[in-house]
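Here are my notes on this one, as promised. Have the model open while you read.

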Amino acid sequence: MDPSELYAEVIIDHQKNPRNYGELENKDKEVKLTNSSCGDEIFLQVKFDGDRIQDIAFYGRGCAISTASASIMTELVKGISKEKAEELYEKFVEMARTGKAPSSELKDARVFQGVSKYPLRVKCATLAWHALEKVIE
Ligand code: ZN
């Protein structure tokens, strides 16, 4: 299978069945971010346990890229420390902007490596990650 087809499948899967979608019963913090160039809007909620992201959820409306990226991001950072999440944020944004070879730590989020060629799509793919950076700061 051509890798780009596989990547597209991952994106479609997460868009159709977004993980951690909805609202948390007990949230510590919520941020809202919008991407005006596409119309994407995300609300990201977190529950902390000390320095660890105990639980995370998102809702809102967005295109396939922004929804899939948010879904994959929440899976990656749930249960890890804020410091580690910040590291992943930096790696993801760098990959999306430059197309640089992604770190294996980004797992499924590596499907967005190719968005660097489409500046408007970079904003869609990074929206949830910018929300993450804001909510853990
Ligand atoms: Zn979008």
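1. S1 and S2 run antiparallel and are joined by 7 bridges. One of the pairs to look at is Glu30, whose bridge partner in S2 is Gln45. A word on terms: strands (E, at least two residues) and helices (H or I, at least four) are DSSP runs numbered from the N terminus, and two strands pair if DSSP finds at least two bridges between them.

2. Before you go further: this is a predicted model, where local features need pLDDT of at least 70 and side-chain atom pairs count only at pLDDT 80 or more, while totals for chains, interfaces and linings use all residues. Residues are numbered from 1 along each chain as its sequence is written, and side-chain values use heavy atoms, with hydrogens and water left out.

3. Back to the sheet, which is open and has 3 strands in the order S1-S2-S3, with antiparallel pairing. S1 (29-35) and S3 are the edge strands, each pairing on one side only. From one strand to the next, the twist averages 20°. Helix H4 (residues 119-136) packs on this sheet and touches S1, S2 and S3, and its direction makes about 150° with that of S1. Those angles run from 0 to 180 degrees between N-to-C directions, with axes as lines fitted to C-alpha atoms, for helices over the stretch in contact.

4. Asp40 in strand S2 (residues 40-49) and Cys63, in the loop between S3 (52-61) and helix H2 (64-77), are 23 residues apart and link distant parts of the chain.

5. The cut-offs are under 20% for buried, over 50% for exposed and partly exposed in between (1.4 Å probe, protein chains only).

6. Cys124 sits in helix H4 and is buried at 1%. Beyond four places in sequence, its contacts (heavy atoms within 4.5 Å) include Asn35, Cys38, Asp40 and Cys63.

7. Lastly, check Lys107: its phi is near 45°, a positive value in a non-glycine residue. Lys107 lies in the loop between H3 (82-98) and H4 and is exposed at 53%.
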